[in-house]
Amino acid sequence: MKRILHKRLIIPVLALLVFFSTTAFKNDFFEIAKQIEIFTTLFKELNMNYVDDTNPGDLMDTAIKSMLDDLDPYTQFYNEQDVEASRINNAGDYTGIGAKVLTLKDKLIIVEPYKDYAADKSGLKAGDEIIKVDNVVVADFKDDAANLLQGAAGTEVIITYRRQGKTNTAKIIRESLEIKAVPHYSMVDEKTGYIVLRKFNNKASSETISALRALKNQGASQLILDLRGNPGGLLNEAVNVTNIFIPKNQLVVTTKSKVKKYNKTYYTRRDAVDTEIPLVVLIDGRSASASEIVSGALQDVDRAVVVGTRSFGKGLVQRPKALTYGTQMKITISRYYTPSGRCIQALDYWNRDENGKATRVKKENYNTFKTRNGREVFDGGGVEPDIEVEFAKQTPITKAILSENLVFNFATDYYYDNTLNDLNSFQLPDSEFREFKNYLKSSGFNFETETEKAFNEAMAVADQEELEGVIDSEFHNLSVAIQSYKSNAIDANKTQLKSLLTDEIIKRYFYSEGLYTYYTANNSEIKKALSILNNPKQYASILR
């Protein structure tokens, strides 16, 4: 124990020396030294004197994460396993069972087996609940159990899983998997190309260029670039993707920080592939970071019409910093700004509300900026599309249903109760939507609106102040109104919920590849994009 403590106490001392030698910390020199000394002595006394045995690694991990929780959610500590996972995510290669999984407290859920890869070939399906990996029970595993599925290509793993109430096992041979930045591209009609860009790893721009050239060879003279659901990734790849459509030496993004060396201006560095092809970019509430750099830059220079719903609003830039023993830290170092000068960061993590939650920039506080052609654009809340597809915007009840995986679970049951042979003609009937509503009731789904939460908190205060009798009737009337809204909210969001259900069901039968094919014929946002591209006067008028 003393030897372990001695090694661990070296780390704060080394960190202190780094702080002393870094000019950015010179103003806080004494305070930082003081706090490190306090923590070092506390950590030593705790490990030496606590009544039960302690695990220094676990204690330190908790201390670090608790400290970082007070900052933004993107400033994170990575242990050795996390570092490798991050490398895989950015490099686009992966070795494992070939499936997207969701980690829950006591099990792993197969979200999507990738077509023709190991999990798929072994018969695993979306919705399968992995309860044991080899001899390790998932519920007993403290770290991310998804790491148990990874391993060298060619190695064997035994999976124990539950499906529709029955327990099964599967022997899977791990294999290498290339995670594509562009999982799909195709022709929507005889002149319109469609490219899906799902992530900004180090292959994003090269795969997008390859897709664009292939589509142009097939006759594409106009293009839809789909960034919906793209959470971002590498900043330099965002610049490179933008560079596909705008000339060399054009401003794409600027980063500003309190540390001068992180203040950078990023320009396009290559000749564009095509500066003339009419372009529509699709975004939604899950398009973030690098996706917002691309869509925001193309909007600011009037190079593309942006269609969909307001993007996520992540205007913060992170940089990895190597730590000792193979660990890393990803630190928010700056904010990024689009060519017009706007920062689209939506949440303020440094001025939280009384409950400790980040506050959202209010619309009345947005600042106005101008695109190259003089169109008004705004900061403070993500990229606002030029043409909004209203029904695609997720509402509080839709978010609550998705967060509880109820669409996913309903699709799982649907798959085992129905057959589906014809992809393009599939439409979810109203009878199934009624079944979904019954499923929500039977699952005990009940979401609390922010208004309802505020009223309940107000009533608790009124009870303390003995005012509940005075406002009981008014509170009752408000509660009835809220309950009425909640009971009607499912039907009010029918179009969006049917779309989400349709997407999830189609993936069960035809994988993501089939969903993209279905999109090109049926998706409302793509239809809107197509109508704009097929009307050159409307396209030009939007950009003017």
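This is a predicted model: local features need pLDDT of at least 70, side-chain atom pairs count only at pLDDT 80 or more; totals for chains, interfaces and linings use all residues.

Me: How many helices and strands does the secondary structure of the chain come to?

Reply: Helices (H or I, at least four residues) and strands (E, at least two) are DSSP runs numbered from the N terminus. Here the chain has 16 helices and 23 strands. For contacts (heavy atoms within 4.5 Å), those between residues 24 or more positions apart account for 68% of the contacts with a separation of 6 or more.

Me: What share of the residues in the chain is buried?

Reply: Buried means under 20% relative accessible area, exposed over 50%, and partly exposed in between (1.4 Å probe, protein chains only). Of the 544 residues in the chain, 44% are buried. Accessible areas come from the Shrake-Rupley method with a 1.4 Å probe, and for residues only the protein chains shown count as cover. The chain exposes about 28,700 Å², of which carbon and sulfur atoms supply 50%.

Me: How is a salt bridge read, and how many does the count come to?

Reply: Side chains of opposite charge can pair when their charged atoms come close. The rule asks for a side-chain nitrogen of Lys or Arg within 4 Å of a carboxyl oxygen of Asp or Glu. By this rule the count comes to 20 salt bridges.

Me: Which residue forms a salt bridge with K121, and is K121 buried or exposed?

Reply: The partner of K121 is E175, with the closest N and O atoms 3.6 Å apart. This pair links distant parts of the chain, since K121 is in helix 5 (residues 118–121) and E175 in strand 9 (residues 175–178), 54 residues apart. K121 counts as exposed because its relative accessibility is 58%.

Me: Are R342 and D300, which meet in a salt bridge, buried or exposed?

Reply: R342 is buried, at 1% relative accessibility, and D300 is buried, at 2%. Their side chains meet at 2.7 Å, N to O. Another salt bridge joins D226 and R228, with closest N and O atoms 2.8 Å apart; D226 is buried at 0% relative accessible area, and R228 is buried at 7%.

Me: Which residues make the nonpolar surface patch?

Reply: Patches are made of residues with over 30% relative accessible area and no salt bridge; like charges are joined within 9 Å, and nonpolar side chains (Val, Leu, Ile, Met, Phe, Trp, Tyr) within 5 Å. Here F39, L42, L46, Y50, V51 and L59 make a nonpolar patch of about 550 Å². Helix 2 (residues 29–49) supplies its largest share, three residues. Y50 lies in the loop between helix 2 and helix 3 (56–69), and it counts as partly exposed because its relative accessibility is 46%.

Me: Where is Y511, a residue other than glycine with a positive phi?

Reply: Y511 lies in helix 14 (residues 494–522), and its phi is near 60°. At 17% relative accessibility, Y511 counts as buried. Q164, also not a glycine, has a positive phi of about 50°. Q164 is placed in the loop between strand 7 (156–163) and strand 8 (166–173), and counts as partly exposed at 47% relative accessibility.

Conventions
Residues are numbered from 1 along each chain as its sequence is written. Side-chain values use heavy atoms; hydrogens and water are left out.
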